[in-house]
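Here are my notes on the model you sent, as numbered points. Please keep the structure open while you read.

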Amino acid sequence: MERQRLVADHVVSAAGPGIGTGYAERAARLPGVAAASGQLSVSGELSRADSGDGDAAPLIGGSLVAMRAETVPRLLDLGVRRGSLDRLDGTSVALGDGAAADLGVSVGDRVRVDWDDGGRDTYRVAAVYSRDRGFADALLPRASAARHAAAPLDDSVLVRTAPGADRGAVERELRALASDFPGARVGGGDGGTGNASGSGAAAGLFVLLLLTMISLFTAVSVVNTLSMATAGRRREFALPRLAGAQSAQVLRMLAWEAVLTCAVALLPAVVVCGSVLVPLSVALTGSAVPALAGGPLTALAAGAPVLTVTTVTLAGLPALRSSAATPGGPARAVS
């Protein structure tokens, strides 16, 4: 959702407590920059403006972000459902779907923000947007919100390159500007910096290694269980052999049993995983379709029946060679 939401070409993130407000102001004046704004996280309670102090319905701990109102349409695509981000100004606010529903407000209504410093401001709702997960319950005008922030330092700065401008040249200018602001790190328009990308890659590698270890332990358990179960069916295999069945026919029977067993095992596995992943995906991205890696899933789906069939076949060969499974073998073997 972050990639869908972000329109800016460059994201300057903070390696420390924040980025000084001067960075966004100077970045906006650089050649080739169409728009620039800092993103400031602020604390407050959001409620309907027409609710009294006794019956207010605040969003305690709601995520509030402040930006320069005129730059928002050029830096973010919030998936507006009602209203327009072009209507944002110093007296208006944009609300996420969840916040608007909880407050029972829509475009044109008024909401109140009770700031942590004891101040209070009232805003008109200019837009309601859908891409609020992982972003903010409300997008406020920076001019008024910054007055109530404990430390008016930007969490990040979004920068949009002007049409026809050299994006690389703008990035170099931003990096040069960052030398005056310790902790400012310039990245691309992917919602993070190179450092964040490296961290994401490392996290992805860790998850892949963890899943590989789990898969290997599961494979060892499956092989042991199937080998013991197949070896214990020695007398059962003797019956079709004594009835005239060939070893190859018994092995084919085992292979089809293994495929059926694998299919029956995978079906509840999909149901159990889906019952966990679907609600999690809805909560994090708003979509009921989880973002899954096709390669590992394909390898798992293909590897499970191959492992199962191979295990029962290899375990079945010595069982068929035993006297109990050999025509003419001792009668006591099948009694």
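1. Thr71 is buried, at 1% relative accessibility, where buried means under 20% relative accessible area, exposed over 50%, and partly exposed in between (1.4 Å probe, protein chains only). Thr71 sits in the loop between β4 (64-67) and α3 (72-75); helices (H or I, at least four residues) and strands (E, at least two) are DSSP runs, numbered from the N terminus. A polar atom of the Thr71 side chain lies 2.8 Å from the backbone oxygen of Arg68. Not counting residues up to four places away in sequence, Thr71 touches Ala35, Ala36 and Ser37, with contact meaning heavy atoms within 4.5 Å.

2. A word on what you are looking at. This is a predicted model, in which local features need pLDDT of at least 70 and side-chain atom pairs count only at pLDDT 80 or more, while totals for chains, interfaces and linings use all residues. Residues are numbered from 1 along each chain as its sequence is written, and side-chain values use heavy atoms, with hydrogens and water left out.

3. Now the chain as a whole. How many helices and strands does the protein chain have? The secondary structure comes to ten helices and eleven strands. Of the 335 residues of the protein chain, 36% count as buried. Among contacts between residues at least 6 apart in sequence, 75% join residues at least 24 apart.

4. Val157 belongs to strand β10 (residues 156-161) and is buried, with a relative accessible area of 0%. Leaving aside neighbours within four places in sequence, Val157 is in contact with His10, Val11, Val12, Ile19, Tyr23, Ala24, Ser37 and Gly38. Thr21 is 136 residues away from Val157 along the chain, yet their C-alpha atoms are separated by 9.2 Å.

5. Helix α2 (residues 21-28) packs with helix α6 (residues 167-178) at an angle of about 150°, their axes being 11 Å apart. Axes here are lines fitted to C-alpha atoms, for helices over the stretch in contact, and angles run from 0 to 180 degrees between N-to-C directions. The angle makes α2 roughly antiparallel to α6, since angles over 145 degrees count as roughly antiparallel, under 35 as roughly parallel, 65 to 115 as roughly perpendicular and the rest as oblique.

6. Which residues make the contact between these two helices? Tyr23, Arg26 and Ala27 contribute from α2, and Leu174, Leu177 and Ala178 from α6. By class, this contact has five nonpolar, no polar and one charged residues; Ala, Val, Leu, Ile, Met, Phe, Trp, Tyr, Cys and Pro count as nonpolar, Asp, Glu, Lys and Arg as charged, and the others, Gly among them, as polar.

7. Is Pro182 buried or exposed? Pro182 is exposed, with a relative accessible area of 74%. Its C-alpha lies 8.7 Å from that of Ala14, a residue 168 places away in sequence.

8. Ala34 lies in strand β2 (residues 33-42) and counts as partly exposed, at 28% relative accessibility. Beyond four places in sequence, Ala34 is in contact with Arg74, Arg160, Thr161 and Ala162. Ala34 and Ala8 are 26 residues apart along the chain, with 9.8 Å between their C-alpha atoms.

9. Ala145, in helix α5 (residues 142-145), is buried at 0% relative accessibility. With neighbours within four places set aside, Ala145 is in contact with Val42, Ala66, Trp115, Tyr123 and Leu140. For Trp115, the C-alpha to C-alpha distance to Ala145 is 8.8 Å, at 30 residues apart in sequence.

10. Last, please have a look at Thr308 in helix α10 (residues 294-321). Thr308 is buried, with a relative accessible area of 9%, and its side chain reaches the backbone oxygen of Ala304 at 2.7 Å. Apart from neighbours within four places in sequence, Thr308 is in contact with Leu226, Ala258 and Cys262.

Technical notes: A polar contact is a pair of N or O atoms within 3.5 Å; within protein, one must be able to donate a hydrogen and the other to accept it, and residues adjacent in sequence count only if both atoms are side-chain atoms.
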